[in-house]
Every structure is written in structure tokens, then in C-alpha cells.
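Have the model open beside you as you read.

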Amino acid sequence: MIKIAVMGFGTVGSGVVEVLAGNAEHIARNAGSGIEVKYILDTRDFPDSPYQHMLTHDFSDIENDAEVQVVVEAMGGVGAAYEFTRRCLAAGKSVVTSNKELVATRGQELLSIAQSKNVNYLFEASVGGGIPIIRPITQCLAANEITQIYGILNGTTNYILTQMIRNGSSFEDALRSAQSKGYAELNPAADIEGHDACRKICILSDLCFGKNVDPACVSTEGITGIHSEDVVLAGKGGYVIKLLGRALRREDGRIHAYVAPHLLSESSLLAGVDGVMNGIVVNGNALGEAMFYGAGAGKFPTASAVVADVIDAAKHLNARKPLGWDEAEEDYVAPTEELVSRWYIRAQATEAELKALYGDVTVLEGAAEGECAVITAPISGKLQQEKAEKLTVFAAMRIMD
């Protein structure tokens with residue numbers, strides 16, 4: 001019997017305990033041994049929980065117990081979660097987490113400690129929730145040189161945009177709907193401003209391209225500037241608007257990594273990923289293009305991915321899985337302004353003025369009086385900004401070709 005501890009008994013932590021209990025026989029068969037939760041660490045009491053007897057308020061109970069070989073970190077944040085994870089790894093215990101912020105900002109350090117102690121630090125649930133993506137990248141696609149990875153990485157923003165596209169909702173109404181259904185927090189900033197997607201694309205970049213990407217180096221734009229007019233105009237042109245996290249390798253070995261709203265063709269792989277679902281597309285030089293789709297968040301989808309890592313850690317108690325990345329050199333992340341794309345522009349201008357400024361453009365019919373919306377030819381972000389400074393621009397978004 002393998003003993004584990006769960007740190008944090010919120011949505012994910014409680015889901016992990018319930019999945020381990022409910023699927024115990026199946027999990028034991030896959031792990032080669034039974035897995036038993038010995039401790040649940042939380043600052044709160046849960047007198048009505050059937051797992052109350054496992055509860056501890058003292059981290060040292062876990063840290064100093066040699067029987068505990070695997071620890072699930074479900075606390076969130078980078079304060080106590082970082083400190084407790086570091087100490088568990090240093091004590092020779094494998095750690096499993098869904099904490100995207102911790103992996104994105106401290107993952108390289110924690111993986112280094114895990115390597116020195118011959119234990120594992122696993123984080124499948126940190127990017128796609130219940131979507132398997134880290135194992136496919138590091139194992140199934142290991143024969144490929146990955147050239148690009150991008151996707152819808154945040155269910156909250158995807159739900160909001162879906163409401164705007166399908167129901168004609170305003171951003172404010174769609175956000176309120178997301179909050180009423182529990183898809184968005186009372187303070188939704190991490191989602192709607194793109195920070196959650198930023199952390200996830202950093203982790204994916206680290207794994208795909210082998211070097212650390214600091215979230216502070218990633219240009220991040222959320223969906224707060226998207227208006228109903230843009231959704232309608234995009235639809236008339238055969239596009240939908242989605243918030244994407246994207247990372248791609250350049251010929252010089254550097255990468256572009258950023259988060260921003262994009263226009264996608266209605267025929268593209270991700271265009272039909274609606275509601276709170278997530279979708280991630282990987283381009284490999286041998287595979288071509290593959291998409292991973294599913295629930296990107298939620299109690300049991302996330303717990304499913306965490307428990308899969310627990311099983312993996314249990315099967316590798318005496319062997320470390322090769323997982324990690326190198327430190328990046330200065331300027332590894334190239335400025336997004338250098339990336340060339342077609343652009344959607346909506347501005348206070350005439351068709352003639354936009355054609356004079358941007359050259360070959362496709363005009364989208366239906367813009368408000370005194371406005372014009374166009375799709376440009378491919379230009380760099382820097383050149384687009386320079387041209388936009390000569391106009392009153394209401395919206396500017398890249399086209400994902």
C-alpha cells in the first residue's frame with residue numbers, strides 16, 4: 001500500500017480524495033499497488049466530511065512521515081504551496097500538482113530539486129485540466145520537433161466569448177452569466193485579462209521548446225477590449241473570436257510566446273470549441289497537426305488528471321521520469337511585434353483611408369456609420385502599431401492562419 005498526502009481540501013483537493021476513494025480498485029490495478037490517503041492538510045476543519053479523520057493542520061506531519069511517498073499539492077498560489085512543495089521534494093517525496101502559477105514561475109527550480117532527490121514533480125493538470133497534453137508532448141510526440149503550439153486555454157473566457165458569439169450578449173452580460181454559473185470568480189481578472197492562459201502557455205513552451213519562459217516575458221492581452229460589434233463583423237467575414245495562448249519557434253531558435261484574442265476561420269480546428277471547453281493544437285514536423293480537446297477545468301476533470309499523475313508517481317517511486325527544461329538565454333522570447341500576421345482592424349475611418357494606409361485589404365460589411373472594418377495583408381505587429389497610430393482604432397486583432 002502506497003501512502004500519500006493531499007495538501008489543500010478545496011475543489012481540486014477534495015476531488016482527488018473522492019476519485020481515489022471511488023475508483024480505488026481500478027487505481028490499484030493500474031498503479032500495481034493500493035493508494036491510500038494518510039493525511040489531508042488544510043487550515044480549516046470539515047466536521048461533516050467522511051475524511052475528517054485524515055485532516056491535519058500541521059505540515060510537519062507530512063514532511064516528517066517516511067511512509068508518505070507521494071504528495072498532492074492542491075493549495076494554489078506561490079506562497080505556502082511553493083515552500084511546502086520544495087520541502088516535500090527535498091524530503092524525498094514525489095509531488096503532483098495542478099498549480100499552473102507555481103509550475104510556470106518556479107517549475108525549473110522544483111524540477112531540479114526533484115532530480116537531485118531522484119523523485120518526481122508532475123503537473124499534467126496544470127495546463128489542460130482534464131485534457132491530457134503534457135504526456136502526449138513529452139512521450140507520444142517525442143519523435144517530433146514541435147514547431148508551434150496554441151490553443152484555447154481558459155474556459156471562463158471561452159464561455160464569455162461563446163455567449164457573445166452565439167447569443168449576441170455584451171461582454172458585461174456574458175461575464176455576469178459566467179459568474180452566476182460558477183465559471184468565473186467574483187474577481188475574474190486572472191481569466192479575463194489573460195494571466196491564466198499566460199501561465200499555461202509558458203508551461204507548454206517550456207516543454208515543447210526545452211527552455212524556460214518567464215511569464216513576465218510573455219505579451220498578454222485579455223478579452224476586456226472585445227465588443228459586440230467586433231463579434232458581429234468577424235462573423236460576417238466567416239470568423240470567430242477566440243482568446244489564444246500561442247508559442248512558435250523561429251528559424252533563429254528563439255520563440256514567440258504570447259496571449260491575445262484572435263480571429264479564427266469558422267472552418268479551423270478550434271472554431272467549434274465552445275463554452276467552457278478547451279482545445280490545444282500541436283504542430284510537429286513529423287506528425288503535422290493534432291488537436292487535444294476536453295474539459296479544461298472543473299473538480300473531477302482536474303482531479304482525474306491529478307490522480308493519473310499520482311498513479312504515475314506510484315509506479316516510478318524508484319525512478320525519475322525525464323521531465324524538465326533548461327534556463328533560457330537572454331532575449332530567448334522574441335518581441336511579439338516582430339511576428340507577421342494578417343490583422344482585423346476596426347477604426348474611425350473610410351474604406352479609402354484604410355486602403356491608402358494598409359494597401360491590399362478585405363472590407364467587412366456592416367460597420368457602424370463613420371467606421372470601417374478590414375482584414376489586412378500580412379504585416380508585422382510593429383508596422384501595424386505604427387499605422388494604427390495614424391487612426392482612431394477601436395479594435396485590432398491578429399488573424400490565425
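Start with Asn118, which sits in the loop between H5 and strand S6 (121–122). Keep in mind that this is a predicted model. Asn118 isn't a glycine, yet its phi is positive, at about 55 degrees. That's worth a look because most residues other than glycine have a negative phi.

You'll find Asp331 in the loop between H13 and S13. Its relative accessible area is 53%, so Asp331 counts as exposed, the cut-off being over 50%.

## H5 against H11

Two packed helices are described by the angle between their axes and the distance between the axes. For helix H5 (residues 100–116) and helix H11 (residues 195–209), the angle is about 50 degrees and the axes are 9 Å apart. That angle makes H5 oblique to H11. The crossing of H5 past H11 is left-handed.

Which residues make the contact? On the H5 side they are Lys100, Glu101, Val103 and Ala104, and H11 brings in Asp196, Arg199, Lys200, Cys202 and Ile203. Sorted by type, the residues of this H5–H11 contact are four nonpolar and five charged, with no polar ones.

## H2 against H13

Helix H2 (residues 24–31) and H13 make another packed pair, with axes that come within 9 Å and cross at roughly 40 degrees. H2 is therefore oblique to H13. Here the crossing is right-handed.

From H2, the residues that meet H13 are Ile27, Asn30 and Ala31. Their partners in H13 are Val307, Ile311, Ala314 and Lys315. How do the residues of this contact divide by type? The H2–H13 contact has five nonpolar residues, one polar and one charged.

Side chains of opposite charge can pair when their charged atoms come close.

Glu145 forms a salt bridge with Arg249, and their closest N and O atoms are 3.8 Å apart. That links distant parts of the chain, 104 residues apart: Glu145 is in the loop between helix H7 (134–140) and strand S7 (146–152), while Arg249 belongs to strand S9 (residues 239–249). Both ends count as partly exposed, Glu145 at 43% relative accessibility and Arg249 at 29%.

Then there's Lys211 with Glu329, a salt bridge at 3.0 Å, N to O. Lys211 lies in the loop between H11 and strand S8 (219–220), and Glu329 in the loop between helix H13 (299–315) and strand S13 (340–341), so this pair ties together parts 118 residues apart in sequence. Lys211 is partly exposed at 25% relative accessibility, and Glu329 is partly exposed with a relative accessible area of 41%.

Glu124, Arg135, Asp309, Asp312 and Lys321 are linked in a network of salt bridges.

## Around Glu351

Last stop: Glu351, in helix H14 (residues 351–358). What does Glu351 contact once its neighbours within four places in sequence are left aside? The answer is Val363 and Cys372. Ala373 is 22 residues from Glu351 along the chain, and their C-alpha atoms are separated by 8.2 Å. Glu351 has a relative accessible area of 38%, so this residue counts as partly exposed.

Notes
Residues numbered from 1 in each chain as written. Predicted model: local features only at pLDDT ≥ 70, side-chain atom pairs only at ≥ 80, totals over all residues. Heavy atoms only, no water. Axes fitted to C-alpha atoms, helices over the stretch in contact; angles between N-to-C directions. Helix = DSSP H or I, 4+ residues; strand = E, 2+ residues; numbered from the N terminus. Parallel < 35°, antiparallel > 145°, perpendicular 65-115°, else oblique. Left-handed = near helix turned anticlockwise from the far one by under 90°. Contact = heavy atoms within 4.5 Å. Nonpolar A, V, L, I, M, F, W, Y, C, P; charged D, E, K, R; others polar. Salt bridge = Lys/Arg side-chain N within 4 Å of Asp/Glu carboxyl O. Buried < 20%, exposed > 50% of the residue type's maximum accessible area, 1.4 Å probe, protein only.
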